[in-house]
Amino acid sequence: MSRILLIEDEERIARVLKLELEHEGYEVHTKSDGRTGLDAALTEPEWDLILLDVMLPELSGLEVLRRIRQVNPTLPIILLTARDAVSDRVSGLDQGANDYVTKPFATVELLARIRSLLRQRSLQDQPAEQPHLLKIDDLSMDLKSRSVVREGTTIELTPTEFELLRFLIQHQDEVMTREQIISEVWGYDFVGDTNVVDVYIRYLRQKVDKPFSSKLIQTIRGVGYLIKVESSPEDAAGGDVPKEKPL
Ligand code: CA
């Protein structure tokens, strides 16, 4: 479980955000001023990510950022900034913040940025196993620039669609169940209706398959989905049965 330190003095935002992040499966600790926030950032071990408000009492968020960076250059930090505070964002990025969101922000956007940073961090941990360019057939996906191109055409995906495609391509030729997709892409033990997967597969097909002649995303009825290079009709007649993962 990833541990997130939230340094935010606005009690309502801190409370709501903590709940939402916990709902997503993160362990969240909150501090409400720059001084105790910095202390927690530096003295408690093993934070996976810090969410840092810029306008804080005691020590400003930018000062907290500067002091964390002096001792920890790689810890992922996302700034929470006011919409009109362009100079804060610029100084924040200059001082080594990884990303920012402007208030008021949509939680889904923040969650996508958190997932992205945590993933980059895990990629850094295992650079050899996790290339940043994924390919299947004539489609390529750049995890760093977050761009998707098929037959030379750039495809615009939402963050969730992007994660879904990434997951399928990383497991190409393997059938993924709805539950596996939910827990990886939505990032928590989903208790509701797994039909959300079907909905997003439909969105993804509209963008990734429909405009092109060959179809990559396949439905395995009663099991889930997989992505693979479409076999020619002759191959299909030969009974090219996809390997199923044990459930
Ligand atoms: Ca504030």
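Asp99 sits in strand E5, where helices (H or I, at least four residues) and strands (E, at least two) are DSSP runs numbered from the N terminus. The model is a predicted one, so local features need pLDDT of at least 70 and side-chain atom pairs count only at pLDDT 80 or more, while totals for chains, interfaces and linings use all residues. Residues are numbered from 1 along each chain as its sequence is written, and side-chain values use heavy atoms, with hydrogens and water left out.

With a relative accessibility of 18%, Asp99 counts as buried; buried here means under 20% relative accessible area, exposed means over 50%, and partly exposed falls in between (1.4 Å probe, protein chains only). Not counting residues up to four places away in sequence, Asp99 touches Ile77, Ile78, Leu79, Leu93, Arg113 and Leu117, a contact being heavy atoms within 4.5 Å. One of these, Leu93, belongs to helix H4 (residues 86-94) and is partly exposed, at 39% relative accessible area. With neighbours within four places in sequence left aside, Leu93 is in contact with Asn98, Asp99 and Tyr100.

Four of the five residues of E5 are buried, so the strand is largely enclosed by the rest of the structure. E5 pairs in the parallel sense with strand E4 (residues 77-82) over five bridges; two strands pair if DSSP finds at least two bridges between them. Within this pairing, Leu79 has Tyr100 of E5 as its bridge partner.

Lys103 is buried too, at 15% relative accessibility. The side chains of Lys103 and Glu10 are joined by a polar contact of 3.1 Å. Such a contact is a pair of N or O atoms within 3.5 Å; within protein, one must be able to donate a hydrogen and the other to accept it, and residues adjacent in sequence count only if both atoms are side-chain atoms. Apart from neighbours within four places in sequence, the contacts of Lys103 are Glu8, Glu10, Ile13, Asp53, Leu80, Thr81, Ala82 and Arg83.

Asp53 leads on to the metal site. The calcium ion has Asp9 (OD), Asp53 (OD) and Met55 (O) as its protein donors, at 2.1 to 2.3 Å. Donors are N, O and S atoms within 2.8 Å of the metal (3.2 Å for Na, K and Ca), and water is not among the atoms, so sites may look incomplete. The donor residues follow the spacing D-x43-D-x1-M in sequence. Asp53 is buried, with 3% relative accessible area, whereas Met55 counts as exposed at 62%.

Elsewhere, four strands make an open sheet in the order E6-E7-E8-E9, with antiparallel pairing. E6 and strand E9 (153-155) are at the edges with a single partner strand each, so one side of each is left without a neighbour in the sheet. From one strand to the next, the twist averages 25°. E6 and E7 run antiparallel and are joined by four bridges, and Ile136 has Leu139 in E7 as its bridge partner. Helix H6 packs on this sheet, touching E6, E7 and strand E8 (147-150), and its direction makes about 115° with that of E7. Axes are lines fitted to C-alpha atoms, for helices over the stretch in contact, and angles run from 0 to 180 degrees between N-to-C directions.

A further open sheet has three strands in the order E10-E12-E11, again with antiparallel pairing. Strands E10 (176-177) and E11 (217-220) are its edges, each with a single partner strand, so one side of each lacks a neighbour in the sheet. Helix H8 (residues 195-208) packs on the sheet and touches E11 and E12, its direction making about 150° with that of E11.

The largest nonpolar core has 29 residues, and Leu165 and Ile181 have the most contacts inside it. A nonpolar core is a set of buried Ala, Val, Leu, Ile, Met, Phe, Trp, Tyr and Cys residues joined through side-chain atoms within 4.5 Å. H6 gives the most to this core, with six residues. Leaving out residues up to four places away in sequence, Leu165 touches Leu139, Met141, Val148, Leu157, Leu204, Val208 and Ile227.
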